[in-house]
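Good morning, and thank you for joining this group meeting.

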Amino acid sequence: LRTFLSPGVKRKSVTNFDRVFSGPCAARKEKSNVTMMQRLVTCIRDCLVELESEDFSDADLEKWAVLIFESMSAPTRMFHGIQHIFDVSHGISKPLPILGAFFHDIIYYTIDGGLSSDQAEVIKGIIDEEEGGVVRLKQNLVLPDGSEEDKLVMTVASIFNIQPGQTLNPF
């Protein structure tokens, strides 16, 4: 993975890997010499490039891919593992639904028995964990720098009809 994500490789440059897989998430194609982690990193990168995002580094790509991979590979995930995200995203050509498919199962609080340290870091400032296993969406959701309300989190909360301060259903 470190070789694949070497700092000297530009994201939009053509590498041997890009010659085999081009386009958003084309890395889903089955190739025996390509690891699941390489497929994941390449797909996330391709989606972000297609979305014209430049606000990510190779280290970010690696961190996100590891978060997804480790979450989906947890011992409690007997019902489906890392292959599941590739199955769900198969046939999707738009970058946002692909990224949604990749991140849709990373947190199963009850099944996994809480959050891993990596998951807790990602959602720091979004939930409060209380004694007795009670989990609430924080009352005040702000960006990590404290500058303004996190509109993305509020959008996701509204999609699921969750209000700030609300206790989250463990099921």
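**An exposed residue in a loop**

Let me begin with Glu52, which counts as exposed because its relative accessibility is 69%, and the cut-off for exposed is over 50%. Please keep in mind throughout that we are looking at a predicted model. Glu52 is found in the loop between α2 and α3. Its backbone deserves attention too: Glu52 is not a glycine, yet it has a positive phi of about 60°.

**The chain as a whole**

Let us step back to the overall layout. The protein chain contains eight helices and two strands. Following the sequence, one reads the pattern α-α-α-α-α-α-α-β-β-α. The chain has 171 residues, and buried residues account for 32% of them.

**The aromatic pair**

How many aromatic pairs does a search of the whole structure find? The search finds one. The partners are Phe86 and Phe102, and the pair is edge-to-face because the planes of the rings stand at 75°, where the cut-off is over 60 degrees. The centres of these two rings are 5.5 Å apart.

Where do the two partners sit in the chain? Phe86 belongs to helix α4, residues 82–89, and Phe102 to helix α5, so the pair ties together parts that are 16 residues apart in sequence. Are these residues buried or exposed? Phe86 is buried, with a relative accessible area of 2%, and Phe102 is buried as well, at 0% relative accessibility.

Arg39 lies over the face of its ring, at 4.0 Å from the ring centre. Arg39 is part of helix α2. Although arginine is a charged residue, Arg39 counts as buried here, because its relative accessibility is 3%. From Arg39 to Ala65 the C-alpha distance is 9.4 Å, while the two residues are 26 residues apart in sequence.

**The largest pocket**

The largest pocket holds about 2200 Å³ of space. Its lining consists of 42 residues, and Phe103, Ile106, Ile107, Ile123 and Val156 lie nearest the centre.

Several elements each supply at least two residues of this lining, among them α2, α3, α5 and the strand β2. Which element has the largest share? That is α8, with five residues. Sorted by class, the lining has 30 nonpolar, seven polar and five charged residues.

**The segment after α8**

Finally, let us follow the chain past α8. Gly165 is found in the segment after this helix. Gly165 counts as partly exposed because its relative accessibility is 25%, which lies between the cut-offs of 20% and 50%. Along the chain, Gly165 and Asp128 are 37 residues apart, and their C-alpha atoms are separated by 8.8 Å.

Thank you for your attention.

Key. Residues are numbered from 1 along each chain as its sequence is written. This is a predicted model: local features need pLDDT of at least 70, side-chain atom pairs count only at pLDDT 80 or more; totals for chains, interfaces and linings use all residues. Side-chain values use heavy atoms; hydrogens and water are left out. On a 1 Å grid over the protein atoms alone, a cavity is a set of points where a 1.4 Å probe fits but cannot get out, and a pocket is an open set with protein on both sides within 12 Å along at least five of seven lines; lining residues have an atom within 4 Å of a point. Grid points are joined across faces, edges and corners, and a volume is the space filled by probe spheres set on the points. Helices (H or I, at least four residues) and strands (E, at least two) are DSSP runs, numbered from the N terminus. Rings of Phe, Tyr and Trp (its six-membered ring) pair if their centres lie within 6.5 Å; planes under 30 degrees apart count as stacked, over 60 as edge-to-face and the rest as tilted. Buried means under 20% relative accessible area, exposed over 50%, partly exposed in between (1.4 Å probe, protein chains only). A charge sits over a ring if NZ of Lys or CZ of Arg is within 6 Å of the ring centre and within 35 degrees of the ring normal.
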